[in-house]
Amino acid sequence: MKRFSSFTVSCILFVISVLFLVMFLRERSDKISEIRSILSDVKKPVTEAERISYAYGVVAYRQLKEMGHPFNVDYFMAGLKTTAMGEESLMSDQEVDETIKEAELAMLERQGAKVEKTNKEIGEAFLSENGKKQGIEITASGLQYEVIRPGEGPKPKSTDKVTVHYHGTLIDGTVFDSSVERGEPASFVLNQVIAGWTEGVALMSKGAKYKFFIPYNLAYGPNPAGGTIQPYSTLIFEVELLDF
C-alpha cells in the first residue's frame with residue numbers, strides 16, 4: 001500500500017471533516033443558508049489549533065484542485081467508512097494500489113501536457129519576435145542565427161570532430177551549460193549532438209562566433225535535459241568554432 005506523508009494525512013483528515021459537513025447539509029432543503037450561517041460563525045483563526053486547521057484546509061483544497069482527479073464524494077465517504085469501521089472493502093489492497101498509481105500517472109500526463117503547451121507557446125512567441133530583429137538569419141528548418149564574428153576558410157562536415165567554446169542559456173537567461181564558464185573547450189563529432197548544433201556549426205568557418213536560437217524540435221524535443229532544460233524548450237547558444 002502507498003504510504004502518505006504526515007502532512008498529506010493531516011490534509012486528508014481536514015478534508016474529511018469538511019465532506020461530512022457537506023454531506024449533512026446536502027440533505028437539508030436550506031443547505032445554502034445553513035452553510036452561510038456556519039461560515040458566519042467562524043471568525044479569524046487566533047489559537048494555534050485554529051490557525052493550523054484553517055491553513056491545512058486551504059492547502060488541502062488547493063492540492064485537490066491542482067491534482068485534477070475526477071472525484072466522487074459518495075465513494076470517498078464509502079472508502080473512509082469501510083476502512084475506519086473495519087468492514088470489508090469494496091476494492092482489494094492491490095486494486096487500491098493500482099488505482100492510485102493510475103491516478104498519479106494520469107496527473108503527471110496532464111502536467112506534462114500543460115508544460116508542453118506552455119513551453120511551445122513561449123518558445124514560438126520568442127522566435128517569432130526574435131526573427132524580426134536585424135541581423136537574424138533563419139534557415140529552412142527554423143534555426144535562427146546571428147553572426148557575431150565571421151570566420152575564414154572551409155566549413156566542417158557533419159562527420160568532422162569540432163572543438164568549440166559555447167555558452168548555453170534558456171530564453172529567460174538561465175545558464176544550463178557553458179564551456180566558457182568552465183574555462184575548457186569541448187570537442188565532439190558534429191553529427192552526435194542536437195540537430196540545431198549539427199546544422200548551425202556546419203555554417204561556420206574556423207574562428208567564427210555565432211549565436212544560435214534553436215527551436216525545441218531541433219533541440220531536445222519532448223525530453224528534459226541536464227536538470228534545467230524542460231521538455232519543448234527553446235535554447236540559445238553562443239558558439240565559437242576553434243578548430244575541426
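Author: At 68% relative accessibility, L90 counts as exposed, where exposed means over 50% relative accessible area, buried under 20% and partly exposed in between (1.4 Å probe, protein chains only). This is a predicted model, in which local features need pLDDT of at least 70 and side-chain atom pairs count only at pLDDT 80 or more, while totals for chains, interfaces and linings use all residues. Residues are numbered from 1 along each chain as its sequence is written, and side-chain values use heavy atoms, with hydrogens and water left out.

L90 lies in the loop between helix 4 (73-84) and helix 5 (93-130); helices are DSSP runs of H or I with at least four residues, strands are runs of E with at least two, and both are numbered from the N terminus. Together with Y75 and M91, L90 makes a nonpolar surface patch of about 380 Å². Patches consist of residues with over 30% relative accessible area and no salt bridge, like charges being joined within 9 Å and nonpolar side chains (Val, Leu, Ile, Met, Phe, Trp, Tyr) within 5 Å. A salt bridge is a side-chain nitrogen of Lys or Arg within 4 Å of a carboxyl oxygen of Asp or Glu. Accessible areas come from the Shrake-Rupley method with a 1.4 Å probe, and for residues only the protein chains shown count as cover.

As for the whole, the accessible surface of the protein comes to about 16100 Å², with 56% belonging to carbon and sulfur atoms. Buried residues make up 25% of the 244 residues. The protein has seven helices and seven strands.
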